[in-house]
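Subject: Structure for your files

Dear colleague,

Please find the structure below, followed by my notes on it.

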Amino acid sequence: MEALVMTLGSGWVSGVRPYFMVFLLGLAGRVLGLEQVPEVLQRTDLLVITGILLLVDLAADKIAFLDSFWDQLHLIVRPVAGGAIGYLLGGETDTTTAVVMAVIGAATAFGSHAVKSTTRAAVNISPEPVSNVVVSTGEDLAAVVMGVLTVLLPALAAVIAVLLLACGIWVMVRLHRRYRHLRARAREAREVRSARGADPLA
């Protein structure tokens, strides 16, 4: 049960800030001596690499349009990170549990990644860069809070992760409907202009 709740929380964070989640788990395992954290995540070389990648991730995510390109690059990385963490957490029990946790972690990470990339693409439509930085900073804070909860209060983090995924899916559906509505209105406007151009008396 503990592996499941930690996988849900870490999976959500991995879909937003995968390097942060790996770094945080490894650091928590070293400093706090958490038995749930596999030793491979506590390796010094892994902590250094994920720390550097975390800084790059934070910087790239603050630049409008580059963040969308960065999201596309991480379409595979984030779910893989969530799945890998889930596999390692579940591997403390048995192989079957590890595989199940890997699937749950990857699916959760993919869900939060999809919500993040969709909302950021919508934000990038705005011509000013302030909103992009504000949203990115909000994602940073959410990742930190969820990451800490995953380490200290994994059950609470799991519940919040499920709620955030549900809300995120609702937002994605609303954005998709809004986008279809705007496309339909743009198509109607083009048809009206074409009709007026074809009729010189209009």
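Predicted model: local features only at pLDDT ≥ 70, side-chain atom pairs only at ≥ 80, totals over all residues.

Residues are numbered from 1 along each chain as its sequence is written, and side-chain values use heavy atoms, with hydrogens and water left out.

Helix H1 covers residues 2–14; helices are DSSP runs of H or I, at least four residues, numbered from the N terminus. Its 13 residues should span 18 Å at 1.5 Å a residue, and the end C-alpha atoms are 18 Å apart, which agrees; the expected span is 1.5 Å times one less than the number of residues. Eleven of the 13 residues of H1 are buried (under 20% relative accessible area, 1.4 Å probe, protein chains only), including Trp12.

Asp61 sits in the loop between H3 (44–60) and H4 (66–73). Asp61 is buried, at a relative accessible area of 0%. Its side chain makes a polar contact of 2.7 Å with that of Arg17 (N or O atoms within 3.5 Å, one able to donate a hydrogen and the other to accept it).

The axes of H4 and H6 (residues 95–123) come within 9 Å and cross at roughly 155 degrees; axes are lines fitted to C-alpha atoms over the stretch in contact, with angles from 0 to 180 degrees between N-to-C directions. The two helices are therefore roughly antiparallel (over 145 degrees). Asp67, Ser68 and Asp71 of H4 make the contact (heavy atoms within 4.5 Å) with H6 residues including Lys116 and Arg120.

Regards

Key
Buried < 20%, exposed > 50% of the residue type's maximum accessible area, 1.4 Å probe, protein only. Parallel < 35°, antiparallel > 145°, perpendicular 65-115°, else oblique.
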